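Please look over the sequence and the structure shown below before reading on. The report that follows takes up the sheet, the core and some backbone details in turn.

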Amino acid sequence: MASWTQKLHLRRNDPDTSRLWVPKSVQLHRRPHWRPVTRGFESATAQLAAAGASGGPLPLSRFGGRPLVGYGGLHPEWRRPSCGHCGQLMALFLQLDERELPEAAPRSFGDGVLQLFYCVSEEPLCEAEAEAFVAFGDATLVRVVPPDAVARLQVGPQPVESVGPNLPSRLITGWVSGEDFPSHAELKRLGLKRSDAVMRALDRLFPASVDKLGGWPYWKDHVCYPHCPECDREMDLVFQIESAKNLAHTFGPAPCAYVFGCSGGEGHEHPPRLGFGWAYGA
Ligand SMILES: [Zn+2]
Ligand SMILES: [Zn+2]
């Protein structure tokens, strides 16, 4: 059966899996995902020049770079957050504007702009000391800036180089859709008993291990979701970040890091709770 996928010359993260035969029992767990199309800029000045040339604002959605924040004395409630462990300003890792998401994608964090901040301090090494690899620690923060605050923050010039550590910026200029199926281990957990060569072949192709919005998480070894502090349910994948790809940060030995979210279950909805970590499934 290994030759069945080999004949199609498919590998993990191959965007075209349309010719692939997938058993009905697995198809039930199909999920779409969207991969970001990105564009890098050498400097914040180059970004501003590009904005001027295009005659419009650049996308707010990005890996790294400058966050949309209050600065100086303006909008202190939305200023760049500090690390709860070392007190230094944190770096923006991911910013997603709900208005720039693909139309068909679920709005798992509601309206506004999602921001993921992470402490990149090496002295002390907050990533290890404050356990930035598990959700809800002191050295990471995921927040959503609501639309009215986004509008206020967008008025007036943002400083070219805002204070704080800024990773190289890659703007998200578009999205490419793809499909995901859960890993073999995850399917077993979902109650699917089937364990044969077809499943092992599918396991070599799915889920995608790249940067993506939605879909199934790519786990290195076992399946492991954090629990929602609000309702104790297992949180779901909102966005997967591939280590050292669009984002210039290596998450230890982990291939991916994850923004998880939860809005509760049917009849038990709550406002979206978001968390971030990378020591899951390893
Ligand atoms: Zn820190
Ligand atoms: Zn919940």
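Which residue in strand 3 is the bridge partner of Arg-62? The partner of Arg-62 in strand 3 is Gln-95. This is a predicted model, in which local features need pLDDT of at least 70 and side-chain atom pairs count only at pLDDT 80 or more, while totals for chains, interfaces and linings use all residues. Residues are numbered from 1 along each chain as its sequence is written, and chains are lettered from A and ligands numbered from 1 in the order in which they are written.

**The sheet**

Strands (E, at least two residues) and helices (H or I, at least four residues) are DSSP runs, numbered from the N terminus, and two strands pair if DSSP finds at least two bridges between them. Strand 2 (residues 62-63) and strand 3 (residues 91-97) run antiparallel and are joined by two bridges. They belong to an open sheet of ten strands with antiparallel pairing, in the order 5-4-3-2-6-1-7-8-9-10. At its edges are strand 5 (140-145) and strand 10 (273-277), each of which pairs on one side only.

**The core**

A nonpolar core is a set of buried Ala, Val, Leu, Ile, Met, Phe, Trp, Tyr and Cys residues joined through C-beta atoms within 7 Å. A residue is buried if 20 or more other C-beta atoms lie within 10 Å of its own, exposed if 12 or fewer, and partly exposed in between, with C-beta atoms placed from the backbone. The largest nonpolar core has 62 residues, and those that touch the most other members are Leu-116, Tyr-118, Cys-119, Tyr-258 and Val-259. Two or more residues each come from strand 3, strand 4, strand 5, strand 8, strand 9 and strand 10, and strand 9 gives the largest share, six residues. Leaving aside residues up to four places away in sequence, Val-259 touches several residues, including Leu-94, Leu-116, Val-142 and Phe-276; such a contact requires C-beta atoms, placed from the backbone, within 7 Å.

**Backbone details**

Most residues other than glycine have a negative phi, and most peptide bonds are trans.

|---|---|---|
| Glu-123 to Pro-124, cis | near 0° | between strand 4 (113-118) and helix 4 (126-129) |
| Phe-206 to Pro-207, cis | near -10° | between helix 7 (197-203) and strand 7 (212-214) |

Phe-136, in the loop between helix 4 and strand 5, has a positive phi near 70°, and this residue is partly exposed, with 15 other C-beta atoms within 10 Å. Ala-244 has a positive phi near 55° and is exposed, with 11 other C-beta atoms within 10 Å.

Terms used. Contact = placed C-beta atoms within 7 Å.
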